[in-house]
Amino acid sequence: MSRDLLIQASYLASSVLFILGLRSLTHPDSARRGMHLAALGMLVAVVSTLLHREIVDYRWILAGLALGSLVGYPMGMWVPMTAMPQRIAISHMFGALAATLVGVAEFVSLGNGAGVGHAQMAALGFEVLFGSLTITGSLMAFLKLQELVPGAPFTFRGQNLVSLGLFAAGLALFGCLVAHPSQPAVFHLMLAVGLAFGVSLVLPIGGADMPVVISLLNSYAGLASAATGFAIGNNVLIIAGALDGASGFILSVVMSKAMNRSFRNVLFGAFGAPQAATGRVAEGLAVRAITPEDAAIQLAYARKVIVVPGYGMAVSQAQHQLRELAALIEKHGGEVVYAIHPVAGRMPGHMNVLLAEADVPYDRLKEMEEVNPEFANADAVLVIGANDVVNPAAKHDPASPIYGMPILEAELAKSVLVMKRSMNPGFAGIENELFYMPQTSMLFGDAKESLQKIITEVKQA
Amino acid sequence: MSTTYLVQSLYVFVLAGFVGFLVITRVPALLHTPLMSATNAISAISLVGSIVAAGSHQSRTATLLGFVAVTSATINVVGGFLITDRMLKMFHRGPKGQAEKPGRKG
């Protein structure tokens with residue numbers, strides 16, 4: 001009895017430590033210490049679980065802990081910050097895999113469903129259904145972000161019908177199991193349907209929608225963990241899963257709002273499909289291309305520069321050169337701030353992490369609402385690998401597919417310098433009229449190389 | 001599992017979700033990536049369920065599934081907390097130490 005009490009007390013302590021840890025993330029200065037508390041909470045929970053009286057054999061446990069640490073350490077310490085989106089996606093897969101397998105093991109242990117009540121079957125079914133779709137969904141997201149499969153949306157006729165059909169089948173099998181739990185065949189079929197649904201859910205979703213998808217998968221992984229807690233009667237699992245589920249849900253809402261899209265639209269819209277004849281295409285207009293030398297003159301003695309980073313910065317890994325250029329501008333007496341759109345990059349907060357890695361102080365990183373009034377006072381705006389988040393069509397062109405999406409108002413600045421690989425339109429496949437405005441100049445080429453040239457020029461100025 | 005137990009669990013779930021909502025809406029967009037890796041590491045608490053499954057010798061299948069579950073959950077615990085710490089270590093204030101606070105908007 002006292003042993004159970006000790007385990008329960010340690011779970012309670014872990015839950016409190018988890019909540020304190022998350023609360024510390026409301027400010028960057030307290031965040032690190034808080035997360036150490038959360039890690040301590042995890043250690044307490046794991047150590048006390050080893051005292052559980054049902055455990056009779058420690059060999060497989062220790063093997064799993066050792067192997068997991070062996071794989072987890074490099075995934076924590078060596079993965080570069082630029083690979084963070086795919087790193088997070090694959091970790092959602094591992095989380096969902098653990099939850100699902102615990103559910104399957106529980107089902108098997110209880111006489112293949114014979115010893116499972118209706119309520120417990122509901123929890124187990126929910127866990128396995130959500131877990132399995134998160135496993136394959138996250139794996140697909142990982143493969144797309146790692147570019148092992150094409151990042152572009154993959155669609156075929158009747159795609160949504162297939163997805164909805166799988167979803168309905170999963171629900172039907174779930175209902176069938178709750179009514180009669182002792183049906184291993186139905187259980188395994190539901191597992192398979194869940195796995196297939198995860199693939200068909202993420203396959204049609206394009207790269208730029210990844211922030212929403214990763215957040216949603218985060219939420220699902222959390223809900224699967226919480227359902228595990230219901231199924232095996234463990235409160236700390238329910239609490240941690242609920243926290244994770246809430247976090248993922250909030251992030252997906254924030255991301256969807258920042259794109260002015262609904263979940264339904266992201267999941268079933270296949271936005272990236274060719275959008276013929278949308279918006280006003282800048283026929284006959286020409287952009288003004290400039291050289292790094294011209295750009296250097298523009299930037300060297302600017303008093304206020306606002307940088308708008310996008311996925312292109314992450315691709316060319318230009319954040320360190322950007323920081324170096326900012327230091328030079330600051331040395332000349334200018335001010336440099338960074339305007340971060342909520343959906344810039346491939347996951348929530350992607351740009352912030354990359355810039356922090358390049359040693360940019362966090363008080364220079366401004367959120368959209370905060371920085372938008374400042375554009376009118378900026379001498380120069382430097383757009384690096386961003387496109388749709390600075391397209392003014394979102395504000396005034398109802399025909400544009402991104403109409404209504406909140407944007408960074410770079411078009412209000414005195415001069416705009418756009419660094420871009422080529423004139424290919426952005427993810428939405430639409431022209432960006434900002435590029436054709438009289439105050440805008442374009443610098444084509446790899447962002448990292450261009451910045452390096454500008455730095456050399458500014459140093460000589 | 002009785003209905004009483006299910007109701008009790010629902011209480012815990014709903015209240016924890018509520019706490020999560022209140023806490024997480026206050027996390028600034030600045031820290032959304034660390035938030036995601038942190039919640040991911042925390043929800044790998046399913047490790048405690050995996051440990052019992054791997055060690056309780058119910059059947060060969062359950063032990064094997066438990067072993068794979070322990071491995072995947074441990075990957076997330078170890079990797080998740082390490083990478084969160086690595087990220088948070090990088091966030092620092094500017095040299096002038098301006099008084100302005102980072103955005104608190106969710």
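How many residues of domain 1 of chain A are in contact with residues of domain 2 of chain A? The points below cover this and the rest of the model.

1. Basis. This is a predicted model: local features need pLDDT of at least 70, side-chain atom pairs count only at pLDDT 80 or more, and totals for chains, interfaces and linings use all residues. Residues are numbered from 1 along each chain as its sequence is written, while chains are lettered from A and ligands numbered from 1 in the order in which they are written.

2. Domains of chain A. Chain A splits into domain 1 (2-268) and domain 2 (292-460); the bounds come from an automatic or database domain assignment. Their centres, taken over C-alpha atoms, are 36 Å apart. In answer to the opening question, 20 residues of domain 1 of chain A are in contact with 17 residues of domain 2 of chain A (contact: C-beta atoms, placed from the backbone, within 7 Å).

3. Domain 1 side. α4, α8 (210-232) and α9 of chain A each supply at least two residues to the side that touches domain 2. Helices are DSSP runs of H or I with at least four residues, strands runs of E with at least two, numbered from the N terminus. The largest share, five residues, comes from α9(A). By class, this side has 15 nonpolar, five polar and no charged residues (nonpolar: Ala, Val, Leu, Ile, Met, Phe, Trp, Tyr, Cys and Pro; charged: Asp, Glu, Lys and Arg; polar: the others, Gly among them).

4. Chain interface. Here 101 residues of chain A are in contact with 86 residues of chain B. Helix α9 (residues 235-259) of chain A gives the largest share of the chain A side, 16 residues. That side divides into 62 nonpolar, 28 polar and 11 charged residues.

5. The axes of α4 (residues 84-109) of chain A and α2 (residues 32-43) of chain B come within 10 Å and cross at roughly 20°. Axes are lines fitted to C-alpha atoms, for helices over the stretch in contact, and angles run from 0 to 180 degrees between N-to-C directions. α4(A) and α2(B) are therefore roughly parallel (angles under 35 degrees). Their contact includes Met84(A) and Ile88(A) of α4(A) and Met36(B) of α2(B). It has three nonpolar, seven polar and no charged residues.

6. Sheet. Six strands of chain A form an open, parallel sheet in the order β3-β2-β1-β4-β5-β6 (pairing: at least two DSSP bridges between two strands). β3 (365-367) and β6 (440-444) stand at the edges with a single partner strand each, so one side of each lacks a neighbour in the sheet. Within chain A, β4 (residues 380-384) and β5 (residues 416-420) pair over four bridges. Val383(A) stands opposite Val418(A) in β5(A).

Key
Parallel < 35°, antiparallel > 145°, perpendicular 65-115°, else oblique. Contact = placed C-beta atoms within 7 Å.
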